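Please load the model in a viewer and keep the selection panel at hand. The stops below follow one another as a tour of charged groups and backbone features.

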Amino acid sequence: MIHSLALKVADTVADLLAAPDTALVSPRTTTTNRQHLAYGPTGIALMHIERAARDLGPWQRAHDWLAVATRQPFTSGPDSHPFYGAPALAHAVACAAEHLPGAYQRALDTLDAQIATDISQRLHAAHHRIGAGLLPQLAEFDVVRGLAGYGAYLLRRDPGSAAMRTVLDYCVHLTEPINDRGDVLPGWWTASGPSGRTDERFPDGHANTGLAHGIGGVLALMALSARQGIRVDGHHGAMRTILAWLDRWQEEVGHGPAWPYWITRVELREGRPIPSAPRRLSWCYGTAGLARAQQLAALALGDTQRQIEAENAFVAALTDAAQLKATTDHGMCHGIAGLAHIATRMSFDAHPSTAQLLRATVPALLTSVCPPGTDPASIALAMLDDEEAGPGFLNGAAGTALALQSPATAVPPHSAWDACLLIA
């Protein structure tokens, strides 16, 4: 029953966002946020692409949202990144083109050429920074703005390319330690706060563990590429370095382990994280994303024990009332629907001893998003009326509808919509 309700909610969201001209969205969706994969029309197109690939809706809806996104040129070069501008558009277009042979080919050729140039320039800047012995910025390497996100795109579009290997070589370099003022720092230590800007709360910078903005994304990229047989010198060693860092800072929370969002210089010197209240489970930060990254790494390394531990860690978190209480919205990035999607993704790859445990967490998550007895239209309209979340992919209605689909059907996505999240 709950699975059926979740599908009806997803259907209703899709119908309410059927066409750009009639959808219940703010004008900023197609203006201010036009180039944002997270908030704009390309993210809504992803929902319709997945539904069309499943034969649940017409391709015309996806075409219409891509068309409204591309009425004006997209930003490229240093002002763009995987979730903004031409690379964001490329992800959505590539997802559609995989199911429509020959469609969008000219656009993809142009986008791929621009992305190759952007990656080359970013790598040149990164290696210059490494040669100068400076600390990286989060936007150099993370999934949303940096080279891990570009690597996610290459892994789908051109996995055997020289560009893919140079990105992976960079990832290996990123795990090499840096000596700074008497401290040995991991190579991904940044001088900024988690926002990427100078922050008085982080006077000596931090090491970010998150999947979206930290080293968790680099680990996921390296694991996914290794599982495809794409490895560079030092590949497995770099993965083990990241895993050892996560092991070092692992905490026991509730009935299982958790990982801090970041480590400060004070914590590094004291050798332990500062205790904090339970933090929300999410893709971007915390146990959900990191459990998936570690599961993928364990599968790539053939480490069955670590795989089981990662899977059990997520099960424990999903059955810990304190951690679930900290997760207060429904979206893909840091909401309940996102947890259901990640749990389902993990269950497809899980060890036989934990697969059913992961699947067993899904009904309660779906119930939280879609309470039994509630009218699907009411749930869908409430999502679209949430001005803060919006209609888009990362936090909003389209992403929530996408994230409900696989948990409600126990079938993997038919398109590669979640490849940009580096969870598959």
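Does Arg265 count as buried or exposed? Select this residue in the predicted model: at 2% relative accessibility, Arg265 counts as buried, because the limit for that class is under 20%.

**Stop 1: the partners of Arg265**

Asp180 and Arg265 form a salt bridge, with 2.8 Å between the closest N and O atoms. This pair connects distant parts of the chain, since Asp180 belongs to strand 1 and Arg265 to helix 11, 85 residues apart.

**Stop 2: the loop at Arg181**

Centre the view on Arg181, in the loop between strand 1 (178-180) and strand 2 (183-185). Arg181 is exposed, with a relative accessible area of 58%. Its phi is positive, about 50°, although Arg181 is not a glycine. For a second case, go to Leu422, in the segment after helix 19 (397-409). Leu422, also not a glycine, has a positive phi of about 55°, and at 2% relative accessibility it counts as buried.

**Stop 3**

Return to helix 11 (residues 265-270) and select Glu267.

**Stop 4**

Side chains of opposite charge can pair when their charged atoms come close. The whole structure holds 19 salt bridges. One of them joins the side chains of Arg54 and Glu50 at 2.6 Å, N to O. Arg54 is buried at a relative accessible area of 13%, and Glu50 is buried at 2%. Next, display Asp142 and Arg145, whose side chains meet in a salt bridge of 2.9 Å, N to O. Asp142 is buried, with a relative accessible area of 0%, and Arg145 is buried with 18%.

**Stop 4: a surface patch**

Finally, select Asp385, Asp386, Glu387 and Glu388, which gather in a patch of negative charge on the surface. Asp385 lies in helix 18 (residues 376-385) and counts as exposed at 58% relative accessibility.

Note on methods
Residues numbered from 1 in each chain as written. Predicted model: local features only at pLDDT ≥ 70, side-chain atom pairs only at ≥ 80, totals over all residues. Heavy atoms only, no water. Patch = residues over 30% accessible without salt bridge, like charges linked within 9 Å, V, L, I, M, F, W, Y side chains within 5 Å. Areas by Shrake-Rupley, 256 points an atom, 1.4 Å probe, with all protein chains shown as cover. Salt bridge = Lys/Arg side-chain N within 4 Å of Asp/Glu carboxyl O. Lys, Arg positive; Asp, Glu negative; His and termini not counted. Charge placed at Lys NZ, Arg CZ, Asp CG, Glu CD. Helix = DSSP H or I, 4+ residues; strand = E, 2+ residues; numbered from the N terminus. Buried < 20%, exposed > 50% of the residue type's maximum accessible area, 1.4 Å probe, protein only.
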